[in-house]
Amino acid sequence: MKGYAVVFKERWKVSFEEVQIPEPGDDDVVIDVEYSWISNGTESSFLRGERLGGDTPYQEGEAEPFPIVAGYQKTGVVTQIGAKVAGVRVGDRVFATISRVEDMFDPYGGHVSPAVTKANQVWLLPEGEQAEAYAGLVLAQVGYNCGMRPPVVPGDIAVVIGDGLVGNWTAQTLMHRGAQVIVLGRHQDRLKHMPPGCHCLQVQSAESANGQIPPYVAIVVDTVGDMNTFLQLLPLMKPNGHMVSAGFYGRSGHIDIQLLRHREITLHAPAGWTTPRMRETLDAIHQGWFQTRELITHRFPADRASDAWNLILGKKEPFLGIVLDWKKREGDGFETIRQI
């Protein structure tokens, strides 16, 4: 069947175009997409040609990973189900991860509609809720996972490196579990969106925090791939602390295990998504303590996806959460939802 997708044609080139989509099988769900959420960091990395797939970095001499359909997350309405699909009905509003496409470097992508998706990659949304709030569920799950990995004793000090969406969601989760959270970020416009009660420091590194971080940190979470800051915080950690690494380091993500052994620091390296974590994150949004929609700053019609990428790559104005609206078309114009 024919559909439309956001395609990275080559490095730095974004197109909204017609694509060929495989016919659905017995295990597939077909979805008419309403919203897809851009993963600013990961998708930018793909657009720059830094990755072959997932967390696998590109290396010179390898075939360039283009064209590909960008993204990995969206919400929409079910229009068709396969013969073996149970638990989902036509008309249900759902979240979906990657969907099948043809003639691409990777046979799966996110920003595509209709979305032919395996039923085990589809989750029902709570009735009556804003579908947009769940459109970034995979990315939100990354932040939730970072915040849930380390054990937390109420009052523990946790330092989160990064002021983007994953950093924000990590901070939300750690605070929900009782930690005192310090966020290190470079953008004041993003730091002001951190949860109330969070101690935010606008710094370039841990060293430039000038003693504002106490020397008994229990948890450090790197959400941006900043190994230098990660290592600068190590001497401030108390014994039996936990380090969580969720950033992308390319081919430079090296760490000396002996540095961790001295204080018996545990290193966590979360990646990807799992069904239980997706369910828990969805429930957290539904319960109201995990905020997502409040972090959306821009919404673009899907066929103006290139404008969204011009914003992300050009950095001419502040942004945080960016959503593509598949119900709108060119001429509707983009919408700045929230000035940050």
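Visitor: At what angle do α2 and helix α7 pack?
Guide: In this predicted model, α2 and helix α7 (residues 275–287) meet at about 95°, and their axes lie 9 Å apart. Axes here are lines fitted to C-alpha atoms over the stretch in contact, with angles from 0 to 180 degrees between N-to-C directions. Helices are DSSP runs of H or I with at least four residues, strands are E runs of at least two, and both are numbered from the N terminus.

Visitor: So what does that make α2 relative to α7?
Guide: Roughly perpendicular, because of that angle. The cut-offs are under 35 degrees for roughly parallel, over 145 for roughly antiparallel, 65 to 115 for roughly perpendicular, and oblique for the rest.

Visitor: Which residues make the contact?
Guide: From α2 come Leu137, Val138, Ala140, Gln141, Tyr144 and Asn145, and α7 brings Arg277, Met278, Glu280, Thr281, Leu282 and Ile285. Contact means heavy atoms within 4.5 Å.

Visitor: And how do they split by class?
Guide: There are 7 nonpolar, 3 polar and 2 charged residues. Nonpolar covers Ala, Val, Leu, Ile, Met, Phe, Trp, Tyr, Cys and Pro; charged covers Asp, Glu, Lys and Arg; the others, Gly among them, are polar.

Visitor: Okay, how far apart are the axes of α2 and α3?
Guide: They are 7 Å apart, and α2 (residues 137–148) packs against α3 (residues 165–176) at about 45°. α2 and α3 are therefore oblique to each other.

Visitor: Who's touching whom in that contact?
Guide: On the α2 side you'll find Leu139, Ala140, Val142, Gly143, Tyr144, Cys146, Gly147 and Met148. On the α3 side are Leu165, Val166, Trp169, Thr170, Thr173 and Leu174. That contact has 10 nonpolar and 4 polar residues, with no charged ones.

Visitor: New topic: which residues does a cis peptide bond join?
Guide: One joins Phe66 and Pro67, with omega about -5°. Another joins Ser113 and Pro114, where omega is about 0°.

Visitor: Where are Pro67 and Pro114?
Guide: Pro67 sits in the loop between β5 (56–57) and β6 (68–69). Pro114 is in the loop between β11 (112–113) and β12 (115–118).

Visitor: What should I know about the numbering and the predicted model?
Guide: Residues are numbered from 1 along each chain as its sequence is written, and side-chain values use heavy atoms, leaving out hydrogens and water. Local features need pLDDT of at least 70 and side-chain atom pairs count only at pLDDT 80 or more, while totals for chains, interfaces and linings use all residues.
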